[in-house]
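Visitor: Hi! I'm new to this one, could you walk me through a few of its helices?
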Amino acid sequence: MHWRSTRSCSAKPTSRLPPTRSRNGCAKRRRRTCCPTTRSRRSTSSVQGSSGRCLVTRLTAVPDLHLTGDPAADALLSDNPFALLIGMTLDQQVTMESAFAGPKKIADRMGGLDAHDVAACDPEKFTALCSEKPAVHRFPGSMATRIQAVAQIVADRYDGDAANLWTVGNPDGAELLKRIKALPGFGEQKSKIFLALLGKQYGVTAPGWRAAAGDYGADGTFMSVADVVDADSLERVRSHKKQMKANAKVGANQQ
């Protein structure tokens with residue numbers, strides 16, 4: 001499974017349809033696709049960029065993630081690179097299952113999950129959307145702000161397609177890690193984990209990605225969400241994290 005670089009097609013885009021409103025009040029743009037392709041979990045995806053070009057990200061196979069325990073939430077993560085990025089954004093101070101289930105909650109409330117729509121949503125309305133029970137995160141207010149900041153970067157730098165983060169310019173592992181670290185809230189550890197997740201489960205095998213991801217990129221480990229493929233691996237990752245916390249506590253007490 002490999003991601004191919006995004007390319008533009010020669011077909012002329014049709015005019016955009018007027019925006020609609022989600023039930024929470026955030027505008028969501030309706031688009032007609034400019035290329036004769038359809039969106040499915042095992043075929044080509046088509047999206048019209050802000051420049052009016054039809055951007056097509058082609059997959060030889062779509063990932064089949066199992067991170068949340070909810071097939072619908074996992075399907076969204078597998079299909080939508082922006083959803084996966086937002087799941088990783090939310091992955092702090094909550095369980096990984098809860099974090100990666102967050103994008104599905106947003107998508108359900110907005111009627112879809114698009115970087116341009118999220119970035120353009122009124123901040124107060126988006127915070128209310130994220131705070132609606134069940135909340136998207138333990139701290140919905142601060143995370144709503146962060147989600148919109150990430151969405152703005154995807155919209156501005158990557159033409160609204162999160163996959164362009166790892167395809168445009170064919171970056172190697174070091175460059176891709178640098179791009180990830182430039183996102184709001186993505187420190188060294190989170191960035192390496194996301195790089196490992198892309199490499200191990202999303203088919204993004206940029207040259208040198210394992211070295212750039214450090215220990216998280218190694219084969220046969222159970223250290224992070226990058227290694228979760230089923231219930232057994234989830235428990236092994238949980239055990240690893242508990243052991244790491246226990247070791248850190250012992251170390252702190254000895255100082």
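Predicted model: local features only at pLDDT ≥ 70, side-chain atom pairs only at ≥ 80, totals over all residues.

Visitor: Great. At what angle do H3 and H5 pack?
Guide: Helix H3, residues 96–110, and helix H5, residues 123–131, pack at about 120°, and their axes are 10 Å apart. The two helices are therefore oblique to each other.

Visitor: And is their crossing left-handed or right-handed?
Guide: The crossing of H3 and H5 is right-handed.

Visitor: Which residues make the contact?
Guide: From H3 there are Ile106, Arg109 and Met110, and from H5 there are Phe126, Leu129 and Cys130. Five residues of this contact are nonpolar, one is charged and none is polar.

Visitor: Okay, new topic: H9. How many residues does it have?
Guide: H9 has 14 residues, running over 188–201. From first C-alpha to last it reaches 20 Å, close to the 20 Å expected at 1.5 Å a residue.

Visitor: Why is H9 described as largely enclosed by the rest of the structure?
Guide: Because 10 of its 14 residues are buried. Among them are Ile193, Phe194, Leu195 and Ala196, and also Lys190 and Gln201.

How values were computed
Residues numbered from 1 in each chain as written. Heavy atoms only, no water. Axes fitted to C-alpha atoms, helices over the stretch in contact; angles between N-to-C directions. Helix = DSSP H or I, 4+ residues; strand = E, 2+ residues; numbered from the N terminus. Parallel < 35°, antiparallel > 145°, perpendicular 65-115°, else oblique. Left-handed = near helix turned anticlockwise from the far one by under 90°. Contact = heavy atoms within 4.5 Å. Nonpolar A, V, L, I, M, F, W, Y, C, P; charged D, E, K, R; others polar. Expected span 1.5 Å × (residues − 1). Buried < 20%, exposed > 50% of the residue type's maximum accessible area, 1.4 Å probe, protein only.
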